[in-house]
Amino acid sequence: MHEPENRVSNNVGTVSGDGTVLQAMHMNVTMQGGDGKCDGDAPGYDLPAPPAMVDREEPLRAALEAIDRGRDHATLLYLIAGPGQGSSALGLKIMHESRAAHGSRFSGRYHHADLSRNDVLFAIAEELRRKGVPENRIPAVPEERLRALRERPQWSRPTAVLVDSPRTPSEIVPFAATSPGSVVVVLIKGEFDLDTLTPEEQKVLEHVEQRIIRLRSLPEHHARDLFCRRASVETRTPQDAAMVDRFVREADGDTVLLNAYARRVMAASFRHEDALARVHGEVFPDAGDGAPAADAWVTEGLRDLVGLLARLPDADFGTDLLCRMTRRSADGLVPDLEELVRGGVLHVLRSGPRTPGDRYFFASGRLRRSPSFHMKGNMDEITTTLTHYAELGYAAHHAIFSDRWLQIELDGDTAFPAGTDRARSFANADEAGQALEAERGALIAVITHAVLHGHHAEAAELCEVLWPFWFTRGFFGDIGDTHPALLRAAGAAAVVPPARLSRIHAQCSIAFRRENHLAEARRDAERALELAEGANPLVRLTAQEAHGDALLAFGDRGRARDSFEQARQSAREVDPFDGRALHIAERKLAELLLGDADTDADADTDTDLRGVAELLDHARSLLAEGDHQNHGRTHTVTARLRAREGDIAAALGEYDRAIERHGRLNDRRRMADNHLERADHAPEGPRADLERAVALYGEAGVDDKVRAVRERLEALGG
């Protein structure tokens, strides 16, 4: 989501001898090209263009010579720089120039892992998305996501990778292209100890030639040149030169800060002919050599706003949150935000079909982390941010799954102010889904921020209420980006009630099972059962159902039936009575029994089918009219039953009703699933249903299903 920072390069020292060569086991790491194909001609270059640079000849020469010499082995280049010394811009320039010099060698296989503002798992997901991997193929299970990156076949050929700001050597390993001719450029901005690599990680770097390029501070004459270019000013008088020199001295070799001053001058130039003098007078209000304010690169009237934005979780935000945080109207706030965009302090994602309303985020991770901003913060800011997203989450939950139970309804447990769960509303599920899709990246960032700063109870509640959005949209990767880290932190801190943790584990189990990661699904279901012991019957039955689903996926039908029976009994114990809870347990049990009737040769099939029909009829009678998800799933099971009984017309009607119900939730995957089953029974032939299934699977990003259904269509001919 974040745009990479356009930092400017500095002077560079010498390459450290011949570098270090490690001996270990060879491993291929793979990512796909931008068109989704796995051949070597995939047009995968999508890195940002490097900014205008000065003093780049020596680092470029050293890097490009190392790349040129590395045709028969893999090369790992470490660019070591202090904060603000321009390694990000230099890394982009190296990628750009290597493409010009070695385009046929890498054939578009260029990749970028920006760890300066993202953790490794999120960066892997972003890279997979960038290279055309559909959402449903980005695993929620952390280990499987890493495997998805490593096992893509394209990296068996020469590949170029830019890894920006890894915090430890271990964070390089997932992106280590080690096939002959590959190059990995790593931008290091702090201490780095290769001895912390595990033996297994060291094996990944076998036969990789490692070289160091150490960046030095930018000389003053180059810094002056850089400032003038970025500010678009000319020093026509000695006074102009003196003002530029003052900015250069104040930046003290930090090119990010120097660029910030230059952008402020550039922004002022659109309104004033004497922009350099005006900004100089604002930054250095006295004629002496005293240091300006630490945030003087921002116009004084906007510093409080920039500081607030810097203290928010690192994501894009809409004006509704920013108005709430600043207690200002949109009419008064937006002009200031737009001025910050013109000055290069913020970037903006303009309103579009998937992002209603403009969204703003901090342009520079380096400047966002300025201590002067964070010393001014207070707890109200994070509390207000979390409450804002809890209001959205609860409103979406009520609109999408109105009858799904919530922990707050069982025991009043909430980490948020009273009334948060009813503070907002959406007209319907589609409106809720569209609103949260625009916030999707922010939701992950906010939950991650909450976990990192010890707000475990708030993060857990957000994960609980956001489940219907993630589930119906098929965003299981988002669950992998939020749930595991929360469970690790909350389990160690013991601050989240066991009942809510049980549900988070159950949600993980469902997500992992939907991705066919069955061992992980069963593990989380078992943990959900442990945490649910002695809890409210609704908590127990949710864990029991997840456990039954996981066992059924493993083929353990007997134990799965036991779990569903236990869930049914727990549902009967709910007080006051919850028809939806009993419905789900009975529908799952009916679906399992229908499968048993098809596979048990010794069974009395007619009797078994009558029992399934009675169970389904009773389950359906328990549902509220507005529970579209469960009505849809019940229609699907009933359709299978009618087809098994030989009543094809009734089966087709049930499939149609299932499709209509899931359509109300915009659940394209379940709509497609029903078309796929319906195709087996359609009297006019399967083509129409298969074509509709292909379209819906495509919209949902289920590429494996798209391929399978297309193969069926091709087999039909015509």
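The legends below describe close-up views of a predicted model.

**View 1**

**View 2**
Strands of a sheet pair through backbone hydrogen bonds, either parallel or antiparallel. Strand β7, residues 208–215, runs parallel to β3 and is joined to it by 7 bridges. Within this pair, Ala74 has Val208 of β7 as its bridge partner. The pairing of β3 with β6 (residues 183–188) is also parallel, with 6 bridges. Two partners in β6 can be located here: Val185 for Leu77, and Ile188 for Ile80.

Of the 6 residues in β6, 6 are buried, and the strand is mostly covered. Val183, Val185 and Leu187 lie on one side, while Val184, Val186 and Ile188 lie on the other, all of them buried. Strand β5, residues 160–164, pairs with β6 in the parallel sense through 5 bridges. Opposite Leu187 of β6 stands Asp164.

**View 2. Phe227 sits in the largest nonpolar core.**
This core has 104 residues, and the members that touch the most others are Phe227, Trp297 and Phe362. Helix α19 (residues 456–473) supplies the largest share of the core, 10 residues. Apart from this core lies another one of 28 residues, including Ala74, Leu128, Val173 and Ala176. Leaving aside neighbours within four places in sequence, the contacts of Phe227 are Val233, Val244, Phe247, Leu258, Tyr261, Ala262, Val265 and Leu276.

**View 3. Helices α17 and α19 cross.**
Two packed helices are described by the angle between their axes and the distance between the axes. The axes of α17 (residues 429–438) and α19 come within 11 Å and cross at roughly 90°. That angle makes α17 roughly perpendicular to α19. On the α17 side the contact involves Asp430, Gly433, Gln434, Leu436 and Glu437, which meet Leu466, Phe469 and Arg473 of α19. By class, the residues of this contact are 3 nonpolar, 2 polar and 3 charged.

**View 4. Three strands form an open sheet.**
The strand order in this sheet is β8-β10-β9, and the pairing is antiparallel. At the edges stand β8 (317–318) and β9 (346–349), each with a single partner strand, so one side of each has no neighbour in the sheet. Strand β10, residues 359–362, is joined to β9 by 4 bridges and runs antiparallel to it. Val348 has Tyr360 of β10 as its bridge partner.

**View 5. Gly548 is a buried residue of helix α23.**
Helix α23 spans residues 537–553 and contains Gly548. The relative accessible area of Gly548 is 0%; because buried means under 20%, Gly548 counts as buried. Beyond its neighbours within four places in sequence, Gly548 is in contact with Ala560, Ser563 and Phe564. Ala567 is 19 residues away from Gly548 along the chain, and their C-alpha atoms are separated by 8.9 Å.

Key. Residues numbered from 1 in each chain as written. Predicted model: local features only at pLDDT ≥ 70, side-chain atom pairs only at ≥ 80, totals over all residues. Heavy atoms only, no water. Pairing = 2+ DSSP bridges. Core = buried A, V, L, I, M, F, W, Y, C linked by side-chain atoms within 4.5 Å. Buried < 20%, exposed > 50% of the residue type's maximum accessible area, 1.4 Å probe, protein only. Contact = heavy atoms within 4.5 Å. Axes fitted to C-alpha atoms, helices over the stretch in contact; angles between N-to-C directions. Parallel < 35°, antiparallel > 145°, perpendicular 65-115°, else oblique. Nonpolar A, V, L, I, M, F, W, Y, C, P; charged D, E, K, R; others polar.
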